[in-house]
Amino acid sequence: MKPPRAEAQSDADRKVPFRGGGFAPRITRGPAVIAFAVLIALWQAAVSWRIANPLFLPSPIEIGRALYALAASGELWLHIAASLRRIAIGWLLGTAGGLALGVAIGLFGLARSVGVPLVSALFPIPKIALLPLFILWFGIGEPSKVATIALGVFFPTAVAAFGAVDNVPRSLIRMAQSFGLPFADIVRKVVLPGALPGILSGFRISASIALILVVAAEMINAQYGIGALVLFSGNLMRTDQLLAGVVVLSALGLVIAFVLGRLERRLLRWR
Amino acid sequence: MELVVDGVGHAYDGLAVLDGIELAVRDGEVLALIGPSGCGKSTLLGILGGMLQPTRGAVRLKGDPPAGTLNPFTYVFQDFALLPWRTVEGNVSLALEHHVLDAGERGAAVDEVLSLTGLSEFRSALPKQLSGGMRQRVGIARALAARPAVLLLDEPLSALDAQTRDLLLEDFERLWALRRVTAVYVTHNLDEALRLADRIVVLSRRPGRIREIVAVDVSRPQRGVATLAGLRDRLWRLIRDEAASADREIVAHEAA
Amino acid sequence: MVVSRWLGAWCIGALAGVALGAGPAPAADKVSVSALTFVSSAPLFIAQDRGHFAKEGLEVEIKFFTAAQPVAVAVTSGDADFGTTGLTAGYFNLAGKGTITIVCAQSREERGWEFNAYVASNQAYAAGLTGLDKLPGRNFGISTIGSSHHYMLGKLAERRGFAMDQVKLAPLQTVPNMIAAVKSGQVDATLLPAQYANDLQAKGEAKVIGWVHEETPWQLGAVFTSPKMIAERRPVVERFVRAWVAAASEYDAEFQKRDAQGKRVFGPNADALIAIIQKYTKAEPAVIKVSLPYIDPQGRLLVRDLYDQVRWYQAQNMVDKTVDAKAIVDLSFVKGHLDVPN
């Protein structure tokens with residue numbers, strides 16, 4: 001016989017309590033956009049209402065105006081082009097050298113024995129400090145600037161590369177050997193593609209280093225360049241233009257990060 | 001071609017894992033190697049294919065590999081060892097790219113093994129899209145593409161669940177019937193060995209010595225639970241105490 | 001009566017005593033001045049050590065900086081009441097914000113008096129850079145964009161009729177860098193103060209190919225203060241300027257007299273003044289003697305040139321277009337400013 005239905009009422013509110021929530025934070029875009037908008041509004045208000053001295057802290061609107069003026073006069077593109085040229089050449093040179101050394105350290109005992117202590121010893125030297133030396137050796141022109149950037153990119157790239165090569169699973173290399181692949185083929189088809197994720201993440205670091213060093217390198221003898229723009233705007237007491245230059249630098253950094261992200265997504269689809 | 005294992009012993013850093021192995025791998029046979037964990041079966045397999053150099057003894061070849069052999073000693077791995085960035089097709093063709101074949105010949109060879117292993121419609125898939133069983137089929141296809149003289153399988157089904165294992169065992173049986181190749185098959189699973197092997201080499205616990213070699217006289221079509229029961233008992237009795245003491249040894253070793 | 005006459009005399013005596021300041025002396029006004037340790041600030045040092053400030057009842061604290069920018073910023077932020085340094089685009093941008101006002105003149109490039117020289121590297125000279133007309137197509141070392149060197153080069157281009165963008169600028173940040181660059185030939189030419197230019201020439205390490213005073217006389221340096229000071233403490237500003245002018249007159253008397261051949265003649269107290277300058281700049285007397293810039297004995301500004309400077313920088317987009325040149329100069333503290341446009 002079925003039990004009386006009088007228990008139906010209490011059955012309905014006796015559910016098993018839910019205990020598995022939380023500890024899974026997700027990023028939504030809304031709060032970030034609002035936070036940025038609020039910050040910028042507060043900043044503008046601080047300057048407009050004279051809480052902050054407009055002489056030393058230009059308002060967002062003034063920075064925007066300075067940026068527009070630079071773009072309209074065409075000067076901005078000259079500065080960006082000059083910096084990008086130095087970054088591109090320096091980064092390519094440093095990356096080529098760093099990858100060559102890093103992969104060699106990853107593959108060959110002699111390279112590793114010599115290379116790892118050398119890199120560890122020279123890596124910590126701030127490349128900015130070497131700039132006067134490079135000027136002495138290469139002159140005040142582009143070579144000393146490119147050399148500073150290249151050297152700054154070389155070391156983290158070498159470190160990332162040999163770490164990435166070390167992280168290629170040995171089982172895949174043994175598999176390739178067991179199929180009789182020659183050494184060059186194993187490097188080309190197993191080691192390098194396997195090291196690519198580590199190498200690409202090393203690029204993120206080396207790209208931001210290149211950006212920092214281009215500003216330092218443009219301190220001597222650079223009429224054009226974003227770093228030069230920031231520097232001489234400071235000398236001219238044009239703080240609005242200075243911060244406009246800083247904004248451009250940040251934008252440059254964001255673009256580079258975006259491009260690298262895209263590259264990673266395309267090349268590492270197999271992960 | 002026959003492989004003769006002549007007094008092979010191996011030690012890692014002073015720890016002996018194989019001792020005095022004398023063995024012949026006959027042409028066209030499937031030889032299973034079973035034994036408890038740590039008995040050196042995978043080590044012996046590595047030595048057989050030239051991936052490991054034994055600290056004592058040697059493996060000798062009698063006769064030549066059959067005509068058309070591309071990679072005489074070819075492995076199938078427990079963890080599949082597929083290149084994650086290559087498709088199924090790319091992984092299989094890896095075995096052939098460094099041999100002297102033109103693109104047409106290579107393409108035909110790849111197509112052939114893909115259809116043999118039932119992978120034709122998965123040729124453009126990436127390993128991450130495949131189940132464990134499918135991945136191992138790619139490993140087998142790759143190994144077959146290399147036209148091996150001796151196929152060396154290192155616990156190929158250990159990483160798979162029981163149902164997938166049964167499916168793949170059926171595939172193995174089918175492939176063996178189509179394309180006879182000498183094979184050395186390492187496993188710790190008695191039933192696998194009994195289903196597939198012509199002879200079963202039972203290794204003792206570490207250091208691995210040959211305990212006994214058991215011939216599986218039942219013809220393949222007739223192999224079933226009933227027909228293999230006697231052999232299974234015999235093998236289990238052989239392995240059981242080796243397995244039990246190996247088990248305890250490992251625990252004691254770790255505690256020390 | 002005797003009592004009333006005696007009382008009357010006492011009253012007159014007391015009044016006279018008060019009138020003559022027979023009580024305790026009034027405290028001196030404390031002010032601070034920001035400056036560089038350059039010879040061009042000489043009137044400041046002379047006013048301090050020869051008692052001109054004291055005579056005006058001013059107790060002056062000199063705050064030294066190592067670059068022109070901080071000198072101006074110090075007055076802007078109220079860290080200093082007065083300042084004196086060379087004029088640059090950076091100065092005018094600050095001035096345009098209404099925080100500093102020029103009140104009288106410091107050094108200037110004056111025809112007949114060596115101050116800044118155009119110096120060519122030996123390599124460039126040998127390759128044909130023997131005169132200022134040959135500058136187009138060369139590279140030229142300056143300290144920074146918008147500096148006085150930049151302005152002088154720009155004015156030279158206008159005078160000599162070449163486009164400034166035909167000369168490639170090499171911003172090198174500091175004078176030692178500029179000296180090193182022209183010595184090693186890494187720049188074809190640069191601008192250097194007389195003592196360095198003549199020194200390089202004498203040692204054969206570079207060649208002087210021209211002088212700014214012969215090409216483009218201009219108001220190089222000024223004395224400035226904040227509008228707040230002018231509004232709230234005008235008498236103090238007037239006294240400061242008076243003391244400065246007194247010192248400048250002394251400077252003029254001892255250093256800027258010429259003989260019949262036009263050569264500089266040092267006055268009887270020249271060595272005493274040079275010793276004062278040495279004390280503050282740490283330079284040797286021999287070096288000081290060849291690096292004395294022209295300083296107006298009455299602190300008079302070249303007013304038209306000041307306005308021109310602002311206009312030039314604005315035309316190069318280095319100074320904000322909203323800066324009004326007239327608003328950043330107060331001509332009321334000195335009589336007889338030179339070349340005042342109507």
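Colleague: Which exposed residues are on the face of α5(B) turned away from its buried side?

Modeller: That face of α5(B) carries Q163(B) and A177(B) as exposed residues. Buried means under 20% relative accessible area, exposed over 50%, and partly exposed in between, with a 1.4 Å probe and protein chains only. Please keep in mind that this is a predicted model: local features need pLDDT of at least 70, side-chain atom pairs count only at pLDDT 80 or more, and totals for chains, interfaces and linings use all residues. Residues are numbered from 1 along each chain as its sequence is written, chains are lettered from A and ligands numbered from 1 in the order in which they are written, and side-chain values use heavy atoms, with hydrogens and water left out.

Colleague: Thanks! Which residues of α5(B) are buried, then?

Modeller: The buried residues of α5(B) are T164(B), L168(B), L169(B), D171(B), F172(B), L175(B) and W176(B). They sit on the same side of α5(B), because they cover an arc of only 165° around the axis; the arc is that of the directions from the helix axis to the C-beta atoms.

Colleague: What do those buried residues of α5(B) pack against?

Modeller: Their partners in chain B are β3 (30-34), α3 (103-116), α4 (132-145), β6 (150-154), β7 (182-186) and α6 (190-196). Contact means heavy atoms within 4.5 Å. The helices here (H or I, at least four residues) and strands (E, at least two) are DSSP runs, numbered from the N terminus.

Colleague: How does the span of α5(B) look?

Modeller: Helix α5 of chain B covers residues 162-178, and its 17 residues should span 24 Å at 1.5 Å a residue; the end C-alpha atoms are 25 Å apart, which agrees. The expected span is 1.5 Å times one less than the number of residues.

Colleague: Let's stay in chain B. What is the order of the strands in its open sheet of three?

Modeller: The order is β2-β1-β4 of chain B, with antiparallel pairing. β2 (15-25) and β4 (56-62) of chain B are the edge strands, each pairing on one side only. From one strand to the next, the twist averages 10°. Helix α1 (residues 41-48) of chain B packs on the sheet, where it touches β1, β2 and β4 of chain B, and its direction makes about 125° with that of β1(B). Two strands pair if DSSP finds at least two bridges between them.

Colleague: How many bridges join β1(B) to β2(B)?

Modeller: Seven bridges link strand β1 (residues 2-12) of chain B to β2(B). V5(B) faces L23(B) in β2(B), and Y12(B) stands opposite L15(B). The two strands form a hairpin with two residues between them, and D13(B) in the turn has a positive phi of about 50°. On to β4(B): six bridges join β1(B) to it, with V4(B) opposite R60(B).

Colleague: Switching to chain A: which residues of α3(A) are buried?

Modeller: P60(A), I63(A), A66(A) and L70(A) are the buried ones. Seen down the axis of α3(A), they fall within an arc of 125°, so they line one face of the helix. R65(A), Y68(A) and A72(A) are exposed on the other side. The buried residues of α3(A) pack against α2 (29-48), α4 (75-107), α10 (226-235) and α11 (239-267) of chain A. Just after α3(A), G74(A) has a positive phi of about 85°.

Colleague: At what angle do α4(A) and α10(A) pack?

Modeller: They pack at about 125°, with their axes 7 Å apart. That makes α4(A) oblique to α10(A). On the α4(A) side the contact is made by E75(A), H79(A), I80(A) and S83(A), and on the α10(A) side by I226(A), G227(A), L229(A) and F232(A). Axes are lines fitted to C-alpha atoms, for helices over the stretch in contact, and angles run from 0 to 180 degrees between N-to-C directions. Under 35 degrees counts as roughly parallel, over 145 as roughly antiparallel, 65 to 115 as roughly perpendicular and the rest as oblique.

Colleague: And chain C: what is the strand order in its open sheet of five?

Modeller: There the order is β2-β1-β3-β11-β4 of chain C, and the pairing is mixed. Its edge strands are β2 (58-65) and β4 (101-105) of chain C. The twist averages 30° from one strand to the next. Strands β1 (residues 29-36) and β3 (residues 82-86) of chain C run parallel, joined by three bridges, and S34(C) stands opposite G83(C).

Colleague: Last one: how many residues of helix α2 of chain C are buried?

Modeller: Six of the eight residues of α2 (residues 42-49) of chain C are buried, so the helix is largely enclosed by the rest of the structure. They are A42(C), P43(C), L44(C), F45(C), I46(C) and A47(C). Just after α2(C), G51(C) takes a positive phi of about 85°.
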